[in-house]
Amino acid sequence: LGTVSGLSGSVAISSIDPLTTLMGQTLTATGIDVGVPIAEPKVAFHIDPDRNLVLESVQARFADGAVRTEGVTVPLTSSEPVSMILDVTGVDAARLAEVTELDGLTATGSLSGSLPLVWDPAQGLSVERARLAATTPGGTVRYRPASPPAALRDAGEEVSLLLEAVRNLVYERFEIEADGRPGEPFDVKL
């Protein structure tokens, strides 16, 4: 899934068979790299008698903002998909543009919203109906690649108009919705 650095904490096991822990076990780290850098993660959890890892709360810093979720159950003895919704607050659009690694993309402003994720051991991670909205006072989006990707150059008049609009887009209100899997094309609505 990724690389964890600076992991710290201790876990009190309340039973060996079945393996269980008390509620409120806490682990922290300096960072996690899951394709994007996550800073200062803190996880409160327990393992229940049904062999589920219960994430009581998860919080971290991302792109100078905060992400948080709670009440996520991860079955340890099956390969069932796990759903969670990350609450995103105050993410810096400039930092978000940096981590996308899309040549020529810059942005300003702050975004907040929800990021529904599904982790399927067979399929990997997917984003389902993510929605982020700009907070006031708005900002900018600029996409000026040295050479647009071939898929965008040859995509027709509608895409050409969109590319022209985002060469210097100044916004007061901005919402983005996305669905997809990392490493594959996302369905994005602005």
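This dialogue covers strand pairing, hairpins and a surface patch in a predicted model.

Reader: How many bridges join strand E5 to strand E7, and do they run parallel or antiparallel?

Author: Two strands count as paired if DSSP finds at least two bridges between them. Here 4 bridges join E5 (residues 25-28) to E7 (residues 37-47), and the strands run antiparallel.

Reader: Over how many bridges do E6 and E7 pair?

Author: Strand E6, residues 31-33, pairs with E7 over 3 bridges in the antiparallel sense. Ile32 has Ile38 of E7 as its bridge partner.

Reader: Which strand do 7 bridges join to E7?

Author: That is E8, residues 52-62, which runs antiparallel to E7. Ala39 has its bridge partner, Arg61, in E8. The hairpin of E7 and E8 has 4 residues between the strands, and there Arg51 has a positive phi near 65°.

Reader: Which residues form the nonpolar patch on the surface?

Author: A residue joins such a patch only with over 30% relative accessible area, and nonpolar side chains are linked within 5 Å. In this model the patch consists of Val11, Ile13, Ile16 and Leu19, with about 380 Å² of accessible area together.

Reader: Where is Ile13 placed?

Author: Ile13 lies in strand E3, which covers residues 13-16.

Terms used: Residues numbered from 1 in each chain as written. Predicted model: local features only at pLDDT ≥ 70, side-chain atom pairs only at ≥ 80, totals over all residues. Heavy atoms only, no water. Patch = residues over 30% accessible without salt bridge, like charges linked within 9 Å, V, L, I, M, F, W, Y side chains within 5 Å. Areas by Shrake-Rupley, 256 points an atom, 1.4 Å probe, with all protein chains shown as cover. Salt bridge = Lys/Arg side-chain N within 4 Å of Asp/Glu carboxyl O. Helix = DSSP H or I, 4+ residues; strand = E, 2+ residues; numbered from the N terminus.
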